[in-house]
Amino acid sequence: MSQLSLFDAEEFYEFPKDLLEYKENFLSREEADLLKDYLLQNTPWEQRTQKMYDKTVLTPRLTAWYGDAQSYKSADNNTTERNEWTPELYALKERIEKEFG
């Protein structure tokens, strides 16, 4: 089974409507493309490990944790230190909070 791509897919993934509130064109195409390019080039992406049954395996995607909390503790008690908000991500966070509460 291959990993879904949200960025390069010919067909866009349809998120389940009951799991999130979707606002079409919340970001303009230009804003979204600029943010995507910025994040791809400037985010300290990491491939983490995860315990599955009796093995420790690499996660199938690169991740980066940003948030107000100092760290994030996963279900298997791995702790991930957070990155400081970038001005771009903080502005997006504030915009989302203003729009959706």
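A: pLDDT is the predictor's confidence in each residue, on a scale from 0 to 100. This is a predicted model, so to speak of local features a pLDDT of at least 70 is needed, while side-chain atom pairs count only at 80 or more and totals for chains, interfaces and linings use all residues. Residues are numbered from 1 along each chain as its sequence is written, and side-chain values use heavy atoms, without hydrogens or water. The protein averages a pLDDT of 82, with 76% of the residues at 70 or above. Confidence is highest in H1, at 95, and lowest in strand E3 (residues 71-73), where the mean is 64.

Now to the packing. Helix H1 spans residues 29-42 and helix H2 residues 87-100 (DSSP runs numbered from the N terminus, at least four residues for helices and two for strands). Their axes come within 11 Å and cross at roughly 135 degrees (lines fitted to C-alpha atoms over the stretch in contact, angles from 0 to 180 degrees between N-to-C directions). On the H1 side, Glu31, Leu35, Tyr38 and Leu39 make the contact, and H2 answers with Glu88, Leu89, Leu92 and Arg95 (heavy atoms within 4.5 Å). By class, the contact of H1 with H2 has five nonpolar residues, three charged ones and no polar ones (Ala, Val, Leu, Ile, Met, Phe, Trp, Tyr, Cys and Pro are nonpolar, Asp, Glu, Lys and Arg charged, the others, including Gly, polar).
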